[in-house]
Amino acid sequence: MPKKTSAAPRDLALLERLWREPVERYTLPNGLTVLLRHDTAAPVASVQVWVKTGSIHEGAALGAGLSHYLEHLLFKGTARRAGRDISATVQAHGGYINAYTTFDRTVYYIEVPSAHTGVAIDLLADLTLHSTLPADEVAKEKDVILREIDMCLDDPDQRLAQALFETAYRTHPYRQPIIGHREVFAATTREELLAYYRARYVPNNLVVVIAGSFDPAATRAAIVAHFGKAPRVRLAPVLVPDEPAQLSRRDQHLAEDVQVSRAGLGWQIPGLTHPDAPALDLLAMVLGHGDSSLLWQAIREKARLVHSIDVMAWTPGTSGLFYVSYLADPDKRVAAEQAVLAEIGLIARKDISASALAKAVRQAVTAEINSRKTMSGQASRLGVGEAVVGDVNYARTYFERLFALTPACLRRVMRTYLVPEKLTVVSSNPAATAAAIAPAAAGTVASLDFEEIALPNGARLLLQPNRQLPNLHLRLAFAGGPMFEPAENRGLTSLLATLLTKDTAGRSAEQVARAIEAVGGSFAEFAGHNSFGLMAEVLPGDADLALELMRDAVLRPAFKPARLEVERESALAALKEGLDDVVTVGRKAMRARFFGAHPFAIESGGDEAGLKGITVAGLRAQHRRLMVSGNAVLAVAGDFDAKKLLPKLKAFLAQLPQGAAARATAPVRVKAGDFSVVQPRQQAIVFQAFPGPGLLAPDYAVSEVMDELFSGMSSHLFERVREEKSLAYFVRSSRIVGLETGMFYFFAGTSPERHGEVIAELNLEIARVQGGGVTAEELARCQTRLKAAQRMGRQTNSARAMQAALNAVYGLPLNDWRNYDARIDAVTLADAQAFARRYFQPGSRVQLVVQPGPAGEK
C-alpha cells in the first residue's frame, strides 16, 4: 500500500464527519429513486429532479437539441397548470426555479423555504411527468432558442468549446452541441419532442433529491402522492457509441473577430468511474490549479507567454478530456502552446514533489467540503453520485483512491494519457493575425448575528462563530473604488487589490500561492464600485496561515515593478476579452454615456488609458490613503475558537496605520439621448438607463422591489416580451449602485430587425407601472422572492462575512439582515408607482442599441 500524505488522517477525519451524515435512499414501486438528506443548518430546502437523459441520448435526433428544448418547454404548462402559474407559484412561496441540460442529464430544481418543500415537490412532479407541450409554446420557444443559439455563436468561448468537442470526438455524441445545431434544431417538430418526452421522462428514469430542513414524514408522503401514481413503463436503453482510440494529433484554429487569442490543448482520458480518475484530477490541480501551480509559474510567471492558464480533468461519464486552456496575446499563442507541451514533457520525466501532491490532495478535500456549503450543493453531490456514477457513496471510494496516490502515480497517468497521439489543439484568434496562427451534521443552528469589537485605533472586528461545517472565512474590507481614484488612473484600486495578493516583503507571489494552495485554501482580492479588500478561506486548522498571509499583504506589500507589469497586462487582456462579448460592449458604452464625467462611467476594473498610467508610486499612495485603521473592517465567520483567535486578530488590526474612514462624493449629470453602437455580431442588444437611488437612499428598498418586478420568468415584462411575442431571448432590469447615487437600467437581447419592437415594449411596461398597473399579486410575489433570496444568499460563511463587512464599511447596521424583511414588506403599490414616475423620465433616459455591422459608434 503506498504511503499516504501526512495530512491524510486529519483530512479523512473531516470528510468522515460529512460521510457519516445520514442519507435516506429508497425506490418507489414505479421505479422512481429518492434521496433525502435532512439538514437543519438553514431553513431552506433544495428539491431537485434528475432526469437521466441528455443530449447524448437523443438517438436518431442527435444534434437536434431535444433535451434542451424540452427543458425550456416543461415550464410552459401541464394538465393542471398554465405555464405562467408554475413560476408564479414558486415566487409566491419565496422560491427560485430553474433547470439545466448537460450531455447526460437534465436537472430541474427549486430552492425554497423549507416550509414549502411540499409545494416544490408538487410542481416538479407536475412539470416532469405531466407537461402538455402546448403547440403555440413549442413554436414560441423555438424562436427563443434560436436567439440563444445566436448568443452562443456570438460568444468566442462557446465557439472554442464547440471546436474542441467536434475535433476531439469523431464518433461519440459529445461532438454534438447540447443546444443542437441551428439547422437541425430548426427542423424539430412537436411530434418528435412528444415522443422523446414520453420515452425518457418516466418515473423509472428519474431521481428525486431533496436536501434541507424539511419535515421527513410529510416529504415522503408528498413524494408518493405526486410521483408515485405515474406508472413504470418500458425504458429502452440508448446506445452511446464508444469513441475509437485517437491515433494522431488533431487541430482546429479559428480566425475570428476577437481581440485576444484563446487556446486549448485536450487529451482523451477515461470517465469518472475509472480507477485513474482521481489521479487525473490531482494531476490537473498540480499542473494548473492556482497561482502556485506548475504551469502557472512556468508559462505565466517566468516565460510571460500567457495572461492566464488553467487545467481541468473533465470526466463526465465513460470518456473525458484532460484540458489545458490559456489566454494569450495573438503573437504568443504558438509559443505558449510549445512551452506548455515542453513543460508537461519535462514534468513527466522528472518527479512531482510530495508537497505539490499534498497541496492538490488538500485542494480536493476543500472542494469536497465547499460543495456542501448550501442545500443546493448537497443535493447536487447526491444527484451526481446516483444519476451519473450509480453510487451515492462514491465519494468515499474516490477519496480512498486519492489518498493512496503517490507522485509516481501521477507520472504514470501523464505517460499514459498526455501523449502526442491523443492530443487535440484548438484556438480562437483575431482574424488580422490569421497568417501567423497556423497549426502548431444535522442539529444546532448557529446564530446568524455578528458581534462587533471596536478597536482603539478605529478598526472594527466582526465575529460569527459557526461550527456547522469545518470551514473558516476571513474578509477584510475597506471603503474604496472608482470614487477614490484619480481620473487618469481608473482601475487603480482594483489593481492595488490584485497586487496585495502577490509579492510581500517575506514571500514571493509564487510562495504566497504555494502556501495557501498547499492547505487547500483560497486567498484572493475583491474590488467593486464602493469597496475593496482581501479574503482568505481555509480549513479551521489553518487559521494562523490565513491571518499571516493577510497581515503580510496589508502591512508589507512589495509592489514590485515587474509584478505590476504582469498584472497590468492581465488586466488589459481582461478588458480585451470583454470586448468579445456583445452585452459587455453595450453595457460599457451605456454607462459611459450615462455617467459622463462621474467615476462610475468606467467599470471598477478600469480602462486601457487608466491602467497604463498606473505606477508603483501611485499604488503606494493609494495604499497609504485607504488602508488605514479607521477605514478597515475584518469579518470572521466559521469554525473557530474565539478565545484563541481573537488576540491574534486584534494584534493584526492594531498594526494598521492610523487614519480615518474614507469618504468621497461626486454628482451625476445625465445627458439624455438615444445612441447606437455597431458590432459585428448576429444579435442586437437594447439598453435603457435611468437615474436610480444609492444604497443609503430612503427608497433603496423600493428599487430592489422594482428590479425584481422587471426580472425573472414570471415578470410581466418577461411574459410579454419573450413568452407572448417571442421578441427576445432575455429581458430584464439591473442596477449600478453607489452609496449616494445609482443607475437603473433595462436590457434585452433580440434580433436586429425587431429591436424597435422591444424598445416599444419597454416603454409600454414603464408606462404600465407609472399608471399604477402593478397588481397586489405582483408586488407580493416580488417581496416573497426577495426575502427568500436574502435567506438563501446567507448560507455560506463567505456570504455572511462579506455582507457584514460591507454593512460596516457603508455605515449600515451590522446585522442589517434582520431589518430586511420589514423594509421589503413596507413597500407599497403607491411606492412602486411613485418610484417609476420619479426616476423613469424620458428627459433623463439614456437609450443605447448595439446593432450588427462594422464596429463603431453613432
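User: Leaving aside neighbours within four places in sequence, what is Gln297 in contact with?
Analyst: This is a predicted model. In it, Gln297 is in contact with Asp291, Ser292, Lys302 and Glu510, once neighbours within four places in sequence are left aside.

User: Where does Gln297 lie?
Analyst: Gln297 is in helix α11, which covers residues 294–302.

User: And is Gln297 buried or exposed?
Analyst: Gln297 is buried, since its relative accessible area is 6% and the cut-off for buried is under 20%.

User: Switching to salt bridges. How many are there in the whole structure?
Analyst: A search of the whole structure gives 63 salt bridges. One of them joins the side chains of Arg563 and Glu301, at 2.4 Å from N to O.

User: Are Arg563 and Glu301 buried or exposed?
Analyst: Both Arg563 and Glu301 are buried.

User: What about Glu337, which side chain does that one meet in a salt bridge?
Analyst: The partner of Glu337 is Arg333, with an N to O distance of 2.9 Å. The two residues are four apart in helix α12 (residues 333–349), so about one helical turn separates Glu337 from Arg333. Glu337 is buried at a relative accessible area of 1%, and Arg333 is buried at 0%.

User: Which residue does Lys373 form a salt bridge with?
Analyst: Lys373 pairs with Glu537, and their closest N and O atoms are 2.4 Å apart. Lys373 counts as partly exposed, at 22% relative accessibility, whereas Glu537 counts as buried, at 7%.

User: Which residues are linked in a network of salt bridges?
Analyst: A network of salt bridges links Arg84, Glu719, Arg720, Glu724, Lys725 and Glu761.

User: New topic: how much space lies in the largest cavity?
Analyst: The largest cavity holds about 70 Å³ of space.

User: What lines the largest cavity?
Analyst: The lining consists of Arg300, Arg304, Leu305, Val306, His307, Ala328, Asp329, Lys332, Val566, Glu569 and Ser570. These residues divide into four nonpolar, two polar and five charged.

User: Which helix gives the most to that lining?
Analyst: Helix α20 (residues 561–578) gives the most, with three residues.

User: Now α30. Which of its residues are buried?
Analyst: In helix α30 (residues 817–825), the buried residues are Trp817, Tyr820 and Ile824. They cover an arc of only 10° around the axis, so they sit on the same side of α30.

User: What covers the buried residues of α30?
Analyst: The cover includes α25 (700–709), α28 (776–792) and α29 (797–810).

User: And which exposed residues does the face turned away from the buried side carry?
Analyst: That face of α30 carries the exposed residues Arg818 and Ala822.

User: Last topic, backbone angles. What is phi of Leu133 near?
Analyst: Phi of Leu133 is near 50°, a positive value in a residue other than glycine. Most residues other than glycine have a negative phi. Leu133 lies in the loop between α4 (117–129) and α5 (135–154), and Leu133 is buried, with a relative accessible area of 0%.

User: What about Phe559, what is its phi?
Analyst: Phe559 has a positive phi of about 50°, although it is not a glycine. Phe559 is found in the loop between α19 (543–555) and α20. Phe559 is buried, with a relative accessible area of 4%.

Terms used: Residues are numbered from 1 along each chain as its sequence is written. This is a predicted model: local features need pLDDT of at least 70, side-chain atom pairs count only at pLDDT 80 or more; totals for chains, interfaces and linings use all residues. Side-chain values use heavy atoms; hydrogens and water are left out. Buried means under 20% relative accessible area, exposed over 50%, partly exposed in between (1.4 Å probe, protein chains only). The arc is that of the directions from the helix axis to the C-beta atoms. Contact means heavy atoms within 4.5 Å. On a 1 Å grid over the protein atoms alone, a cavity is a set of points where a 1.4 Å probe fits but cannot get out, and a pocket is an open set with protein on both sides within 12 Å along at least five of seven lines; lining residues have an atom within 4 Å of a point. Grid points are joined across faces, edges and corners, and a volume is the space filled by probe spheres set on the points. Ala, Val, Leu, Ile, Met, Phe, Trp, Tyr, Cys and Pro count as nonpolar, Asp, Glu, Lys and Arg as charged, and the others, Gly among them, as polar. A salt bridge is a side-chain nitrogen of Lys or Arg within 4 Å of a carboxyl oxygen of Asp or Glu.
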